[in-house]
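User: Please take a close look at one part of this model and describe its contacts and setting in detail. Please then continue to other local features, stating each criterion that you apply.

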Amino acid sequence: MSSLYLHIPFCEHKCIYCDFYSIESLSMMEDFLRALKREIELFPTDGKGEKFETIFFGGGTPSLLSPVAVDEILRLLSRKFDVAPDAEITLEANPGTVNEEKLAGYRSAGVNRISFGVQSFHDDELKFLTRIHTASAAVEAIGLAKKAQFENINLDLIFALPHQTMAGWKDNLRRAVELEPQHISAYSLIVEQNTPLARMVKAKQVSPLPTSAEAGMYRFTMEYLRDTGFEHYEVSSYARPHRSSRHNSNYWNHTNYFGFGPSAHSFHSMKRWWNIANNRNYCEMISAGRLPVAGEERLSNEQLLEERIMLGLRSRGVDLRQVFNDFGVDVLAPPRPAIRDLIESGLAILDDTILRLTDKGFMLCDEITVRLLANLSPA
């Protein structure tokens, strides 16, 4: 099963921490929509045997699209690709950009999973993050989504904000759980390069939260959401039973995916490519009948192995038997001590041939990945 991704590069306001490609002017929306549809039409595919089980509208702010535009895009995708009847179709939404009519329109168009960028239920934190919505608007939007018959709702939350307290973060989690979403994504605030937040930190206008406080919030998140019925199935992702994100899981499982829109990435048959990250140039290239590809790379077996290990450790685990079958690398064979050391340190468990990180391990995921990769070499 494969996936489709649409990058919608428009925002009413770009948040201080965001490094995804987006623009704040909506003046090119119609040009973009024409180009997006044309890109889908131009996309080469033989259509033989490849079924697509997820579609994801990301951004940017996809909820700036009208339901009519979403409906037209979904109909075009279904004509071009073999989309599964039970496909998971997700649309990211800013609570400040939706109303009852819009949400009902998305649902009618075929969107069956909505992901709200709530980030916080405290207005002072939302103001710091330069979000355009309030806490009450987020609660209202979630209620309206339920009224529109959305039965699969994700809430994005951010922790480890400067000056954030443990009590404040606990309150955010409690309020999120009380709204009964099927999925929660909880991310620590990352200072990405070339963002307003990075410039604020460099100018010492903002001081990041101490690492120890961030670790404590992450530890509490894992424990609290597990205790309230969520499965921790990826470093930052928590889901009710059978409600994990199929789209994101496909990424982590190295499943094929095609991306459309400026800056969108694709992966297929050991090859990765990406579109130009400029909306005007994107539209011009497509208008000239050219696909807007900015670059590509063919992954070596070594790169694929590294990504298999990295993505597996971040999510449900690494199937070491499958690693051996696919790459000829026996992670368990002596004299490799890495697995034993991880287990003895309480950082991982070995369930038959599946290596999974513990809560303690998730907190050191990047470090463990580097350590394990350094211990690997072809058998």
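Analyst: His122 touches Ala135, Gly168, Asp171, Asn172 and Arg175, with residues up to four places away in sequence left out of account; contact here means heavy atoms within 4.5 Å. The model is predicted, so local features need pLDDT of at least 70 and side-chain atom pairs count only at pLDDT 80 or more, whereas totals for chains, interfaces and linings use all residues. Residues are numbered from 1 along each chain as its sequence is written, and side-chain values use heavy atoms, without hydrogens and water.

The side chain of His122 also forms a polar contact of 2.7 Å with the side chain of Asp171. Such a contact is a pair of N or O atoms within 3.5 Å; within protein, one must be able to donate a hydrogen and the other to accept it, and residues adjacent in sequence count only if both atoms are side-chain atoms. His122 sits in the loop between β4 and α4 (123-128); helices (H or I, at least four residues) and strands (E, at least two) are DSSP runs numbered from the N terminus. His122 counts as buried because its relative accessibility is 16%, where buried means under 20% relative accessible area, exposed over 50%, and partly exposed in between (1.4 Å probe, protein chains only).

In α3 (residues 100-109), the buried positions are Lys102, Leu103, Gly105, Tyr106 and Ala109. They lie on the same side of α3 because they cover an arc of only 160° around the axis, the arc being that of the directions from the helix axis to the C-beta atoms. Glu101 and Ser108 are exposed on the face turned away from that buried side. Just after the helix, Gly110 adopts a positive phi of about 120°.

Ala160 has a phi of about 65° and lies in the loop between β5 (153-159) and α6 (166-178); with 6% relative accessibility, Ala160 counts as buried. Asn194 has a phi of about 60° and belongs to the loop between β6 and α7; Asn194 is exposed, at a relative accessible area of 71%.

Val191 is in that loop too, between β6 (183-188) and α7 (196-202). Val191 is partly exposed, at 36% relative accessible area. Leaving out residues up to four places away in sequence, Val191 touches Leu197, Ala198 and Val201.

A further backbone feature is the cis peptide bond from Gly59 to Gly60, with omega near 15°. Gly60 is placed in the loop between β2 (51-59) and α2.

Finally, there is a helix pair to describe. The axes of α11 (residues 301-314) and α15 (residues 365-374) come within 10 Å and cross at roughly 145°; axes are lines fitted to C-alpha atoms, for helices over the stretch in contact, and angles run from 0 to 180 degrees between N-to-C directions. The contact involves Glu306, Ile309, Met310, Leu313 and Arg314 of α11, and Cys365, Asp366, Ile368, Thr369, Leu372 and Leu373 of α15. Thr369 touches Met310 and Leu313, again not counting residues up to four places away in sequence, and counts as buried at 6% relative accessibility.
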